[in-house]
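Please look through the structure below with this short briefing at hand. It takes up charges over rings, an annotated site and aromatic pairs in turn.

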Amino acid sequence: MSTFTGRSLFHAHPKSLPVCTLLIAVLLIQKAGAARFLPDGSPLQFHFYDKSCPNVEKIVRQVVSSAVASEARMAGSLLRLHFHDCFVQGCDGSLLLKSIAGVIEGEQEALPNANSVRGFEVVDAIKAALEQECPGIVSCADILAFVARDSVAVSGGPSYPVQLGRRDSLTANRELANKNLPGFNFNVTDLVAAFANVGLSARDMVALSGGHSIGKARCNTFAARLTPDPQDPTALSSSYSSLLQQQCPAGAASDALVDLDATTPIQFDNAYYSNLLSNRGLLHSDQVLYSTPGATRDLVNLYAQSNSAFAKDFSVAMLKMGSITPLTGSKGQVRNQCGYVNA
């Protein structure tokens, strides 16, 4: 590498260089990882920050670990941020933008997000630490991908490699957030369509639903399920319904939070699927995965029997979700603060 100086190689006119020399130059640039951003339309890369910010993963993991140790619920909240970001105009950090009257109508106030999405202070703490370590290098969209993976990993789930190189959007889209984000009352047809809309398969959908292995839900998201209907195949088991009624004494008016997985609420594992086999899926959109005959039921059975099969498919689906129309190249920017577009 020492024979190729910056001046002799990169200041020469491209036509004056042999093709093999140009190819070597490109390979050296890619290996060095020194590029501030990927070329327009390029796929994301696994080792994008190896040279430009080599401590990025260590810094993110430390902040996430500390946040989850302080509050176990935070793991589910951070995982959800990445999910709710990617489903709206791609994985571009748009969810993080604060609303500014007459300028930006933020997604945080969309119906599926209002008084629900949280964990922004953790993302801000990570961004501040990274701006000290490697200013202007790591995008907020990439931070969301990191924190989702690390939240799962520190909760006992799989730790998969993360693809990187996203840039941050200059805009948010509240209307699209209201339209694209799956609802807690969706049936299987609705869920499959919502995931297909962003290029994800039914298998991806069932695997990603396993994210409900951690986290909590407010009583108003499942209050209609507290009165068992013996004719409804998605109805809660009577024993589980009785337990939930004790936790939600005021029904939909209660602000109480209930574990999405009643069996191992802070452990990322396949107990979520086992719960569905005994009609202990908290949300309607959870229970329909098993109560509806077909491919989703088969997958629930598979994941309930094999935690390794779930972990593998979840990791694959997370990589696919993280690659939904990212901004690269000259598009977007690397925000200095995740809540605001750079001046």
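A charge sits over a ring if NZ of Lys or CZ of Arg is within 6 Å of the ring centre and within 35 degrees of the ring normal. By that rule, the charged end of Arg297 sits over the ring of Tyr290, 5.2 Å from its centre, and Lys98 lies over the face of Phe120, at 5.0 Å from the ring centre. This is a predicted model, in which local features need pLDDT of at least 70 and side-chain atom pairs count only at pLDDT 80 or more, whereas totals for chains, interfaces and linings use all residues. Residues are numbered from 1 along each chain as its sequence is written, and side-chain values use heavy atoms, with hydrogens and water left out.

**Annotated site**

- An unreviewed UniProt entry gives the annotation "binding site" to Asp261, Thr264 and Asp269; such annotations may be inferred rather than shown by experiment, and their positions follow the numbering used here, with feature names shortened.
- The side chains of Thr264 and Asp261 are joined by a polar contact of 3.0 Å (a pair of N or O atoms within 3.5 Å; within protein, one must be able to donate a hydrogen and the other to accept it, and residues adjacent in sequence count only if both atoms are side-chain atoms).

**Aromatic pairs**

- The structure holds 11 aromatic pairs, meaning rings of Phe, Tyr and Trp (its six-membered ring) with centres within 6.5 Å, where planes under 30 degrees apart count as stacked, over 60 as edge-to-face and the rest as tilted.
- The rings of Phe83 and Phe87 are stacked, because their centres are 4.6 Å apart and their planes at 10°.
- Tyr273 and Phe310 form an edge-to-face pair, 5.1 Å centre to centre with 65° between the planes.
- One aromatic cluster is formed by Phe268, Tyr272, Tyr273, Tyr303, Phe310 and Phe314.
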